[in-house]
Amino acid sequence: MLKSFKTEINPTLEQKIKINKTIGTCRFVYNFYIAHNKKVYETEKKFISGMDFQKWLNNTYLKENPEFLWIKEVSSKSVKQSIMNADKAFKRFFKHQSAFPKFKKKGKSDVKMYFVKNNPKDCFCERHRINIPTLGWVRLKEKGYIPTTKQGYVIKSGIVSQKAGRYYVSVLIDISETEKPQLNNFGLGIDLGIKNFAVVSNGIIKKNINKTARLKKLEKQLKREQRCLSRKYEDLKKRNKIKKGDATRQNIQRQVLKVQNLHHRIDNIRTDYINKIIAEIVKIKPSYITIEDLNVSGMMKNKHLSKAVASQKFYEFRKKLEAKCKGLGIELRVVDRWYPSSKLCHKCGCIKKDLKLSDRKYICECGYNSDRDFNAALNLRDALTYKIA
Ligand SMILES: [Zn+2]
């Protein structure tokens with residue numbers, strides 16, 4: 001089964017130039033093919049297929065017109081793909097499935113750089129970077145999202161695209177049944193929460209990343225820049241009554257970018273964190289994982305919880321964990337949110353009704369004494385009623 005993964009990349013300046021040049025050349029050749037076909041049709045009443053056009057371009061046209069040899073300076077695979085895309089557009093038109101192929105406009109149309117795995121070293125993907133033919137190693141912004149080559153996944157082909165100054169890679173990976181690993185004979189329970197992000201029944205504890213010094217510092221910085229931005233807006237309002245100043249507007253635009261970049265950076269750190277946690281948990285290869293069905297929308301309505309919940313990306317965690325489990329054949333069990341995972345004593349099974357949110361320890365009359373969240377993780381692991389995600 002082929003699955004596509006799209007994520008933002010962080011190319012070097014040199015790579016950006018190469019990507020832009022490839023995309024520009026692909027757009028040119030796409031348009032050239034359409035124009036050439038129009039001309040041939042008007043004079044000879046026949047259609048030139050993409051394959052024939054490519055042969056004509058390489059063997060005849062470029063030899064007679066060496067000033068266009070720059071077409072050959074970019075990935076030939078990508079150029080060929082853009083011709084074949086136009087070929088497809090023509091064929092859809094002939095079958096009355098779509099309108100006559102349109103010329104692609106610079107900056108407006110969707111033109112992409114196509115690549116394909118030709119030899120074993122192509123398309124190698126690690127946690128933080130991917131090897132793209134003709135570009136070399138390109139840094140990934142979201143680490144660990146694309147399944148890595150080390151994990152046994154093979155990238156067949158992909159495309160690089162550009163939008164609003166950001167660059168993206170989208171790859172096709174074969175996620176076959178045969179690649180599923182041998183699973184261990186035990187399951188894991190994960191208790192998700194605000195104090196700690198995750199407490200796992202095998203003892204792993206993942207703290208809330210928002211409580212780390214690094215993120216606290218960035219959040220503080222973000223607040224400062226946001227305050228600075230609103231001051232600048234206020235300033236503009238006052239000054240507008242006197243005269244319009246372009247310098248002030250530019251100044252504001254710069255500040256908006258500053259705030260956006262900080263948001264982006266913080267978001268990347270959070271996403272990276274949950275990806276890492278998921279990778280670490282599934283690496284254990286449990287036969288099943290049990291989590292609680294978090295009432296995310298309910299929590300979002302709670303003023304005190306909503307920010308903490310949104311910033312911890314519980315929903316994204318659940319979705320990504322589900323996808324990873326599916327790929328590896330791990331059963332993801334979800335227990336009802338009314339299941340008393342926290343209030344249940346893991347040893348004797350009695351329910352402590354008066355357990356408060358502030359009680360960090362679970363102490364039972366039977367002598368059992370445990371960390372509250374760890375007790376919950378064990379109860380989740382051993383839950384008997386659940387749904388399979
Ligand atoms: Zn007990």
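Is glutamate 316 buried, partly exposed or exposed, and what is its relative accessibility? Glutamate 316 counts as partly exposed, at 24% relative accessibility. The model described here is predicted.

- Glutamate 316 and lysine 320 meet through their side chains in a salt bridge, at 2.9 Å from N to O.
- These two residues are separated by about one helical turn, because they stand four residues apart in helix α8, which spans residues 314-328.
- Lysine 320 is buried, with a relative accessible area of 16%, whereas glutamate 316 is partly exposed.
- The cut-off explains this contrast, because buried means under 20% relative accessible area.
- Both residues belong to a network of salt bridges that links Glu142, Asp267, Lys313, Glu316 and Lys320.

- Aspartate 87 and lysine 91 form a salt bridge between their side chains, with an N to O distance of 2.9 Å.
- Both residues lie in helix α3 (residues 76-94), where they are four residues apart, about one turn of the helix.
- Aspartate 87 counts as buried at 4% relative accessibility, while lysine 91 counts as partly exposed at 40%.

- Glutamate 8 forms a salt bridge with arginine 166, and their closest N and O atoms are 3.4 Å apart.
- The pair ties together parts that are 158 residues apart in sequence, because glutamate 8 lies in strand β1 (residues 2-10) and arginine 166 in strand β6 (residues 166-174).
- Glutamate 8 counts as buried, at 11% relative accessibility, and arginine 166 is partly exposed, with a relative accessible area of 25%.

- Strands β1 and β6 run antiparallel and are joined by eight bridges.
- Leucine 2 stands opposite aspartate 174, a residue of β6.
- Six strands make up an open sheet with antiparallel pairing, in the order β2-β5-β6-β1-β4-β3.
- The edges of this sheet are β2 (113-116) and β3 (129-132); each has a single partner strand, so one side of each is left without a neighbour in the sheet.
- From one strand to the next, the twist averages 35°.
- In general, strands of a sheet pair through backbone hydrogen bonds, in either a parallel or an antiparallel manner.
- Helix α1 (residues 13-44) lies across β2, β4 (136-140), β5 (155-163) and β6, and runs at about 95° to β5.

**The zinc site**

- Four cysteines coordinate the zinc ion through their SG atoms, namely Cys345, Cys348, Cys364 and Cys366, at 2.2 to 2.4 Å.
- The site of the zinc ion is tetrahedral, with angles of 105 to 113° among the four donor atoms.
- Along the chain, the donors follow the spacing C-x2-C-x15-C-x1-C.
- Cysteine 345 lies in the loop between β11 (331-335) and β12 (361-363), and cysteine 366 in the loop between β12 and β13 (369-371), so the pair ties together parts that are 21 residues apart in sequence.
- Cysteine 345 counts as buried, at 1% relative accessibility, whereas cysteine 366 counts as partly exposed, at 33%.

Terms used: Residues are numbered from 1 along each chain as its sequence is written. This is a predicted model: local features need pLDDT of at least 70, side-chain atom pairs count only at pLDDT 80 or more; totals for chains, interfaces and linings use all residues. Side-chain values use heavy atoms; hydrogens and water are left out. A salt bridge is a side-chain nitrogen of Lys or Arg within 4 Å of a carboxyl oxygen of Asp or Glu. Buried means under 20% relative accessible area, exposed over 50%, partly exposed in between (1.4 Å probe, protein chains only). Donors are N, O and S atoms within 2.8 Å of the metal (3.2 Å for Na, K and Ca); water is not among the atoms, so sites may look incomplete. Four donors count as tetrahedral if all angles lie between 85 and 135 degrees; four count as square planar and six as octahedral if opposite donors are over 155 degrees apart and all others between 65 and 115; anything else is irregular. Two strands pair if DSSP finds at least two bridges between them. Axes are lines fitted to C-alpha atoms, for helices over the stretch in contact, and angles run from 0 to 180 degrees between N-to-C directions. Contact means heavy atoms within 4.5 Å.
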